[in-house]
Amino acid sequence: MSIDSELENIVPSKLVVEGVSKSFKSRSGVVQALDNVSLEIAEGEFVCLVGPSGCGKSTLLNLIAGLDKPDSGRVLSDGQPVTGTGRERMVMFQEHALFPWLDVMGNLMFSLKLKPGLTDAERKDVARYYLKLVGLERFMHANIHELSGGMKQRVALARALAPNPRVLLMDEPFAALDAMTREQLYEDLQKIWAARRKTIVFVTHNVREAACLGDRVVLFSPHPGRVREQFKVTLDRPRDISSIVLAEKATEITRALKAHHTSSQAVGVKA
Ligand SMILES: Nc1ncnc2c1ncn2[C@@H]1O[C@H](COP(=O)(O)OP(=O)(O)OP(=O)(O)O)[C@@H](O)[C@H]1O
């Protein structure tokens, strides 16, 4: 391959985080949530952000979502600086944040308001498609309070997917669910990701969850929040959270996490 064609072959990253720093003022002083963090995420990549509490994972997700602005550095989406929220980057949180006064269908229809140019009938078809994708077509007229925690998160997932964003930002979406429900959702999310080919940034404390879902696991360390190490996960998909190979990968990442934790504590003692 000639150098010219090799250069033309470069696919620009979907998301670029460039030297981003972010601090917060609190009663106990200034917290450096992120310190000069850089990260590139390819189109269609599934990236998991892992690290101990307070290392800035959610802060970074919020900056990518456009819910907050960095103090310095910038976030680019398709080469354009992120200056606010947009329907091409949808967020899903640990708490479902569904509207309790609307039924399941109503919640999806609300999110489809972000998609102009569709008739009401077309919106209903799109909503039905996504409810089917998350296995809840039968519950389209159910009230939110009638649903289990897992079902609510499925509706939240369908609602985030409905405007057909190219990027899905997920902040510990399954953390509050029981283990069985979570495992089913790992399977389902992998299927949905394969079918809809989104770029996904997924925040979690759970290393095994990260190894199960991610193409790449990015390890953060706290105070200040920095990227410490990155792991490619090349295991075949769909992945089974209980498999031995997955446990081995998770152990490798956990070892690195503990090593960084111990060394940062040691630094703290010296200082
Ligand atoms: N709005 C805010 N005001 C003050 N401090 C904040 C704010 N948001 C985050 N922080 C602080 O910034 C640091 C990073 O927080 P962040 O929530 O991003 O971490 P995290 O890695 O997502 O933590 P967790 O895993 O516990 O959710 C923490 O020390 C937190 O207390």
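This is a tour of a predicted model, stop by stop, with what to select at each one.

Residues are numbered from 1 along each chain as its sequence is written. Because the model is predicted, local features need pLDDT of at least 70 and side-chain atom pairs count only at pLDDT 80 or more, while totals for chains, interfaces and linings use all residues; side-chain values use heavy atoms, with hydrogens and water left out.

**Stop 1: the annotated stretch**

Select residues 15-247. The UniProt annotation "domain: ABC transporter", from an unreviewed entry, covers this range. UniProt positions are given in the numbering used here, feature names are shortened, and annotations may be inferred rather than shown by experiment. Helices (H or I, at least four residues) and strands (E, at least two) are DSSP runs, numbered from the N terminus.

**Stop 2: the four-stranded sheet**

Select E1, E2, E4 and E5. These four strands make an open sheet with antiparallel pairing, in the order E2-E1-E4-E5. Two strands pair if DSSP finds at least two bridges between them. Strand E2 (29-41) and strand E5 (80-81) are the edges, each pairing on one side only.

Now follow E1, residues 15-26. Nine bridges join E1 to E2, and the two strands form a hairpin with two residues between them. Ser 26 stands opposite Gly 29 in E2. Towards E4 (residues 72-77), E1 pairs in the antiparallel sense over five bridges. Along that pairing, Leu 15 stands opposite Ser 77, and Glu 18 has Arg 74 as its bridge partner.

Contact here means heavy atoms within 4.5 Å. Axes are lines fitted to C-alpha atoms, for helices over the stretch in contact, and angles run from 0 to 180 degrees between N-to-C directions.

**Stop 3: the ligand**

The shell holds 13 residues, and the closest are Ser 53, Gly 54, Lys 57, Thr 59 and His 205. A residue is counted as near a molecule or strand if one of its heavy atoms lies within 4 Å of it.

Which atoms of the ligand and of Lys 57 lie 2.8 Å apart? They are an oxygen atom of the ligand and a polar side-chain atom of Lys 57. The side chain of Ser 53 has an N or O atom 2.5 Å from a ligand oxygen. At Gly 56 a polar backbone atom is 3.1 Å from an oxygen atom of the ligand. The protein covers 65% of the 630 Å² of accessible area that the ligand has on its own. Accessible areas come from the Shrake-Rupley method with a 1.4 Å probe; for residues, only the protein chains shown count as cover.

E2 and H2 are the elements that give two or more residues to this shell. H2 has the largest share, three residues.

**Stop 4: Asp 35**

Select Asp 35, which is in strand E2. Its side chain is joined to that of Arg 226 by a polar contact of 2.5 Å. A polar contact is a pair of N or O atoms within 3.5 Å; within protein, one must be able to donate a hydrogen and the other to accept it, and residues adjacent in sequence count only if both atoms are side-chain atoms. Not counting residues up to four places away in sequence, Asp 35 touches Val 20, Ser 21, Pro 224, Gly 225 and Arg 226.

**Stop 5: the six-stranded sheet**

Select E6, E7, E8, E3, E9 and E10. In that order they form an open sheet with mixed pairing. Its edge strands are E6 (89-92) and E10 (226-232), each pairing on one side only. Neighbouring strands are turned by 20° against each other on average, direction ignored.

Strand E9 (residues 216-221) is joined to E10 by six bridges, and the two run antiparallel. Leu 219 has Glu 229 in E10 as its bridge partner. Helix H5 (residues 149-161) packs on the sheet, touching E6 and strand E7 (167-171), with its direction at about 170° to that of E6. Helix H6 (residues 179-196) also packs on the sheet. H6 touches strand E3 (46-50), E7 and strand E8 (199-204), and its direction makes about 160° with that of E8.

**Stop 6: backbone details**

Select Pro 224, in the loop between E9 and E10. The peptide bond from His 223 to Pro 224 is cis, with omega near 0°. Next, go to Pro 238, in the loop between E10 and helix H8 (244-270). The bond from Arg 237 to Pro 238 is also a cis peptide bond, with omega near -5°. End at Glu 172, in the loop between E7 and H6. Its phi is near 45°, a positive value in a residue other than glycine.
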